[in-house]
Structure formats: C-alpha cells, structure tokens
Amino acid sequence: MEHAVHVSRLEKIFVVPEREAGLVAATKSLVRRKSREVRAVDGISFDITPGEIVGFLGPNGAGKTTTLKMLSGLLYPTGGEARILGHVPSKREKAFLRRITLVMGNRNQLQWDLPALDSYELNRAIYRIPRADFTPMRDELIELLDVGDLVRKPVRQLSLGERMKVEIVGALLHRPQVLFLDEPTIGLDVTMQKRIRSFVATYNERHGATVLLTSHYMADVQALCKRVIVIHHGRILFDGPLTGLADQFAAYKTIGVALEDGHIDLGRYGEVLHRDGDWITLRVPKAETSQVAARLLADQSVLDLTIEDTPIEDVIELVFAQEPPE
Amino acid sequence: MTVAPQAATLPQAGRLRSTVDFYLTTMRLAVQEQLQYRTANYFYMFGMVAEPVIYLVVWTTIADQQGGSVQGFTAGYFAAYYIVWTLVRNMNIVFGAPYWEQRIREGDLAGALVRPLHPLHFDIAYFAGWKVVVIALWIPLAIGLSLVFDPVLDPRPLEITVFAVAIWGAYLLRTMFQSTLGMLCFWTTRGAAIFDLWMTLELLLSGRLVPLPLMPDWVQTISWFLPFQWAFYFPIESLVGDLSDAELARGLAVQLLWILIGLGLFKIAWRSAIRRFSAVGG
C-alpha cells in the first residue's frame, strides 16, 4: 500500500535555556548560560494510507503539535525522515503546501474585521484556484457546515464555534489531500463538536482526504478514527485500532450488577466502585471477569448483570499516567 | 516512497495572472477593512498632521524673523514642503519591524508559512491597499492646510508624474528595510533598541525633521549614501523643489537601487530567520 504520510525515526530536540529564580541566578546567567536538551519527539515512526483518519493522542507536552508542525513543514526535524504525498515537508515546496492544510483550534487565519467570504477570496488568490473550481468548492463546504448566514458577518462577531466552522471552510477551499487537524473542537459545545466531526467524516468520504487528528475529546476520536497513535514523552506508546487500546492498557473491566438485596457486601468479588440504589459497580481484573461473573450468578440472587470494558477516557488516563522512559 | 493516489488537487491558475489577482484582491480587502474604520483613520491622520504643523509653524516664524526666508527657503516653500510631507509620511507607514515579534508570538507567521505564498507579498499588497484610502483621506486635509498656510507649489507635469511614482517607491523602499530589520525578532525579543536607533537616524537623515539643505554639509553628504532620504526628502522635493529632469531620473534610479538592495538583504535575513524558526518553533 502506498502511503500518504510516511514517518521514520522522526526526532525533534529543542535546546531550552534554564536558570533558577532570583537575582543571584540572573547574575550568574550573564556569565554562564545554562541550557538543556528537550527531546520533544523521540524517534517516532508510522505510516498512514490515503484516505485514512488517524487519531493522534497524547497528554499536553507529549509531542503531538511538534509532530504536526514537522509534518506540515513548520519545524525542521532534528533527525529521521518525513514524507507527505512524496514531499519532504521541511522543504516547504509550494506544490506541497497546496496539497495540505493545518487547522489549529483557537487560531484564527481569517481577516478579523471582514466577513469570511472576503477571506475566502483571498485564499482563492493565494492558492491560485480558478474561479470555476473555487465557487462550487466554497459552496459545497458552506453547505456541509451549514454556515451560509455566518460567512457574511464580520469574523469578529462570530462565536468561537461559528468561527471554527468558517475557519475550516477557509482551510479546505484548495481541496487539500492531507489534513492536519490540531484540536479542531477545542472549547466548542457538544453540538458544535458533533457538527465538525460529521463534517470531517463527510469531507474524508467525498474527497478521499487523509486526516491526522489530535483531540483531547475522546468523542472526536471514537466518532472518526478507527486507528489511533498514542504518543507520550515524545515516543509512540501505541499504534493500532482504537479497540485495541483498552486490551493493551486497561487491566480491568467493570461488572455492573443489580441484586435482590442491594445491601450485600460484594467486596470479595472485586473493588466496589460505587453503589446507586440496588445497582453496584465492581472493578475486576480483566482475566478474572468471566470467573467473577459466574460466581456472582451462582452465589447471589442477581436481577441484572453487565460486563463493560473500561471507558476509553479511563484507558487514556491510564496511558497518560505512564512514566517517562529512562 | 511513491505519491499516494488520492483525489485530484484543484487545477492552478497561471502564475502572472494569479499574482496580479492576489495583489488586487488583497488591496481590495485592505480598502474594505480600512473603510470600516474611516473615522478612526481620520483621527489618526489628524494626529499625524500635528508633527508637520509644529515644524511648519517653527520654520515660518524663523523665516519671518529673518526677513522672509531661511537660507533662501520662503515660508511658502516650508508650507508646501510640510503639506506634501503629510502624504509622504503616510505613504511611508509600512508593516513595521517590531510587529514581526507579534506575528511570531501569536502564531500568525505559522499560519502564513503553511500557505504557498511568501508573507512579504501580503504585507506589500495589504499596506498598498491601505495607501489608497490614505491618499483619499489626505486630499481634503491638504486642501485645509493649504488654505491656512498658503503654500507655494507650481510643479511641472513631469514632476507630478515622478512624485506619483516616487511615493510608491518610498513605500517599497521602507517596506524592504523595515522587513529586514524585523528579522531581528527571530533572534531576540529585545530588538526595540535597534529599531529606535534606526528610527532616530531616519528622523535626522531623511528630511523628516528638517529639509535636508538646512542640515550641515557633512550630514547631507552622509544622507546621500544612505536609504533614508530616498524614501522621504526625494519624493517631497520631486514635487515641491526645482529638480532638473536629470535629477528626477537619478532620484528614481537611486530609489530603485535601494529597493533592490533592501530586497536582497531581506532575502538573506529571511533565509536565516526561517531556518531558525524551523529549528526552534514559534
């Protein structure tokens, strides 16, 4: 399979100045400046096939944005290799820039005082899009995101969510083949998040675009990404199907059980997470789940019983809690 | 590694046509934006008038006390000089060096760099659009000042033509040098001292503070070899003064030379700056 995104042992090391607080340290730093190396991205490798939507997950400071910046040509890698649609991003060739887009949540690229329609005209000129192609593309995006009335208002008068939607239209007018979306739903309400998710899915289907998406909202990832890459401390901890994440990192499952007598102590079956009336939730080691469930059914008067995987948010929390490698 | 077979990219319009289209679109955008703030723009221009009016009053008073002229320059000449000054000064306002820091800090530069067009094009085009509004706003202001100060101005058609070209030359010249200075922001957030030094030199050696012939000879000699006066004194003098055709042509040629030198310096500085930005990030 040919790759839209190819990343091999990609590395980014920043040298950051460092000094203690206070006057003495400030004076010392005049003579001798200290600095240290920060390995923001530490030899990561992955490939993404055309048309794939991949979630790129990690806690703050894990190296997600640094990676996206290297892949979009904003940062020069310290080591390793990246190729996007055959282009080396750090060369920042115009042909490459015309084929990608980078959307960063909370960053505004549109003219603040003018309606978005005017900024779209500017993008048409910047990306050299013939008007015959531009108009239908613009109208299609406006319709998909349902922003027909918003694009005529000055951008400064739009709410955060509305601004994000018109921003996305502007970022896709040149019909990019690879989308780097860095927390596109950050700060948005649930309805707006859903709208943007469904838009990304539709755009991906219609135009076969490859999407690399970072988000702290697991709902985004669950809705869009079959595959996730988890980065932490600059290294890839997991690369595979979203469902596999729980298998690898969650050592527990939860058993919900309703008993005839809700006051019975179930401590011997597992850790009681909470009680809600007669409904009790237990956490049990994954390997013992079926055994414990069978024991419960045999020993107690069970009215109802469910077994659930650890919620993805909890799995992610477990992953993010991993210690940095030595 | 081979290129992925994805949905086709949109076709691309021709290069020259696209460039013209980009400049016109951006200028139109700038005009639209500035028209939204026409009152603010007027207040701004009134503020700009304060400086030349002070110079004008001082020199007119000195001329009157010295029997009507200072080193041969009459009150009418000073009035013409400083009224034209207001337009040239406004044409000289470009994307200033210190703003590069803001552009880097607020992530605007990152946004500009993922687009297939150099940000300098945007700066030139956007501020050029703004100038169209500035010129329109300047005309009534110049009429008002003329009624009060009675300038002596009798330009030939050639001088008017050269002036019309020279104010845009001044705009480009200053854009190049301010942009080059702005590259300092990629290395330090404390470039203000250098920017201030540059501004002081410009104030003294450009003809902004005083018409250059009133400066000592050695200052005039130095200023001839620096870019400042070609963005200020020359455009004013092309309209107000009595330059020969050869001097007018030479002035435009020197302007062009400084624009090219500025562009060359900017390109060199930009290459290093962007290498640094790519190394350390925004």
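Colleague: What should I know before reading the model?

Modeller: It is a predicted model, where local features need pLDDT of at least 70, side-chain atom pairs count only at pLDDT 80 or more, and totals for chains, interfaces and linings use all residues. Residues are numbered from 1 along each chain as its sequence is written, while chains are lettered from A and ligands numbered from 1 in the order in which they are written.

Colleague: How many helices and strands does chain B have?

Modeller: Helices (H or I, at least four residues) and strands (E, at least two) are DSSP runs, numbered from the N terminus. Chain B has 11 helices and two strands. Their order from the N terminus is α-α-β-β-α-α-α-α-α-α-α-α-α. Along the principal axes, the C-alpha atoms of chain B fill a box of roughly 85 × 40 × 35 Å.

Colleague: How do I read a helix packing?

Modeller: Two packed helices are described by the angle between their axes and the distance between the axes. Axes are lines fitted to C-alpha atoms, for helices over the stretch in contact, and angles run from 0 to 180 degrees between N-to-C directions. In chain B, helix 2 (residues 38-65) and helix 6 (residues 119-149) pack at about 40 degrees, with axes 11 Å apart. That makes helix 2 of chain B oblique to helix 6 of chain B. Angles under 35 degrees count as roughly parallel, over 145 as roughly antiparallel, 65 to 115 as roughly perpendicular and the rest as oblique.

Colleague: Which residues of helix 2 and helix 6 of chain B make the contact?

Modeller: Contact means C-beta atoms, placed from the backbone, within 7 Å. Helix 2 of chain B brings Asn41(B), Tyr42(B), Met45(B), Val49(B) and Leu56(B). Helix 6 of chain B brings Val133(B), Leu137(B), Trp138(B), Leu141(B) and Phe149(B). By class, nine are nonpolar, one is polar and none is charged. Ala, Val, Leu, Ile, Met, Phe, Trp, Tyr, Cys and Pro count as nonpolar, Asp, Glu, Lys and Arg as charged, and the others, Gly among them, as polar.

Colleague: Now a packing between chains. At what angle do helix 4 of chain A and helix 1 of chain B cross?

Modeller: The axes of helix 4 (residues 116-126) of chain A and helix 1 (residues 15-36) of chain B cross at roughly 160 degrees and come within 8 Å. That makes helix 4 of chain A roughly antiparallel to helix 1 of chain B. Their contact includes Leu122(A) of helix 4 of chain A and Phe22(B) of helix 1 of chain B. By class, this contact has five nonpolar, four polar and three charged residues.

Colleague: How many residues does each chain give to the whole contact?

Modeller: Chain A gives 43 residues and chain B gives 33. Helix 4 of chain A gives the most to chain A's side, with five residues. That side has 18 nonpolar, 12 polar and 13 charged residues.

Colleague: Which residues of helix 7 of chain A are buried?

Modeller: Buried means 20 or more other C-beta atoms, placed from the backbone, within 10 Å of a residue's own; 12 or fewer is exposed, and in between is partly exposed. In helix 7 of chain A, Gln193(A), Arg195(A), Ile196(A), Arg197(A), Val200(A) and Tyr203(A) are buried. Their cover includes helix 5 (131-145) and helix 6 (160-172) of chain A. Just after helix 7 of chain A, Gly208(A) has a positive phi of about 65 degrees.

Colleague: Why does Phe249(A) count as buried?

Modeller: Phe249(A) counts as buried because it has 20 C-beta neighbours inside 10 Å. Phe249(A) lies in helix 9 (residues 242-249) of chain A. Not counting residues up to four places away in sequence, Phe249(A) touches Val315(A), Leu318(A) and Val319(A).

Terms used
Contact = placed C-beta atoms within 7 Å.
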